[in-house]
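Subject: Structure handover, with notes on pockets

Hello,

Here is the structure for you to look over. My notes on its pockets follow below.

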Amino acid sequence: MKYLRHPDVVLSVVILALTALAVIAPALLAPYDPYQSVGALRLAPPSWEHLFGTDHLARDVFSRVIYGARLSLSAAGLAVVAGVTAGAIIGLITGYLRGPVDAVVMRFVDVVIAIPGILLALIVVASLGFGPVAIGLGVGLGTSGTFARVMRAQVIRVRSEEYIEAARTLGVRGPTILVRHVLPNAARPIIAMAALELALAILAVSALSFLGFGAQPPAPEWGSLVSAGRDFVAVAPWLSILPGMVILLVVLSVNRVSRFIGGER
């Protein structure tokens, strides 16, 4: 019932539920084939028949946005998973071992944090090639340093607790202490942070796709759909505006729900 007192949260949950459905079963929401033209209606304006209009090849833009959710959100999800995994492992090991290992590795992490994330993503894409997987790994690398910093701070806090000292006294080995005791108690802030990072990852993935580093045509991807509409912005502005509004709504919804779950009202 507490959710009903926050209409913005309810609306955000509905938007995310529809987005999830678009990822899992896009055919249930898309009225047309995203790769096939719907006739001679090129650059048709939005209507009840074509909610987002049609593009220069007479394809239904709404259907392409629906099918594009899978590629865009899969890349964003991969970015978060890659960033959390790499950052958590680095922070867990360095925070527990401390000493020279901590000093050397964290200086490297500082360098990663200092470099703009979009630049790191471009370096990875240039190395691995274009596509959602390369974009996801690139964006994840850009966020891994921040996750490593947060995890390291939590591990340093947890390793000084009395139950950790008790485990060492009882002869429990270091790897077991890390997995059974330190990790579960240090991971909570990382999980909350990952939910917030998903919104930023969606923006980063869309930006790289907009620049042409994502899935190549005719595959629909949110950023590339916005980019494709630039050539027709004078006669058909909806080609860029409406997919861009979808990105904005999904990002705002992820941000609002994650903050609500985190305790912010």
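First, the term. On a 1 Å grid over the protein atoms alone, a pocket is an open set of points where a 1.4 Å probe fits, with protein on both sides within 12 Å along at least five of seven lines; its lining residues have an atom within 4 Å of a point. Points are joined across faces, edges and corners, and a volume is the space filled by probe spheres set on them.

This is a predicted model: local features need pLDDT of at least 70, side-chain atom pairs count only at pLDDT 80 or more, and totals for chains, interfaces and linings use all residues. Residues are numbered from 1 along each chain as its sequence is written, and side-chain values use heavy atoms, without hydrogens or water.

**Second largest pocket**

The second largest pocket holds about 300 Å³ of space. Its lining has 15 residues. Leu18, Thr19, Phe62, Ile66 and Val246 lie nearest its centre. Helix α1 (7-24) gives the most, with five residues. Helices here are DSSP runs of H or I, at least four residues, numbered from the N terminus.

**Largest pocket**

The largest pocket has a volume of about 350 Å³. It is lined by 23 residues, with Arg64, Pro217, Ser224, Leu225 and Ala228 closest to its centre. Here α9 gives the most, with four residues. The lining divides into twelve nonpolar, eight polar and three charged residues.

Best wishes

Conventions:
Helices (H or I, at least four residues) and strands (E, at least two) are DSSP runs, numbered from the N terminus. Ala, Val, Leu, Ile, Met, Phe, Trp, Tyr, Cys and Pro count as nonpolar, Asp, Glu, Lys and Arg as charged, and the others, Gly among them, as polar.
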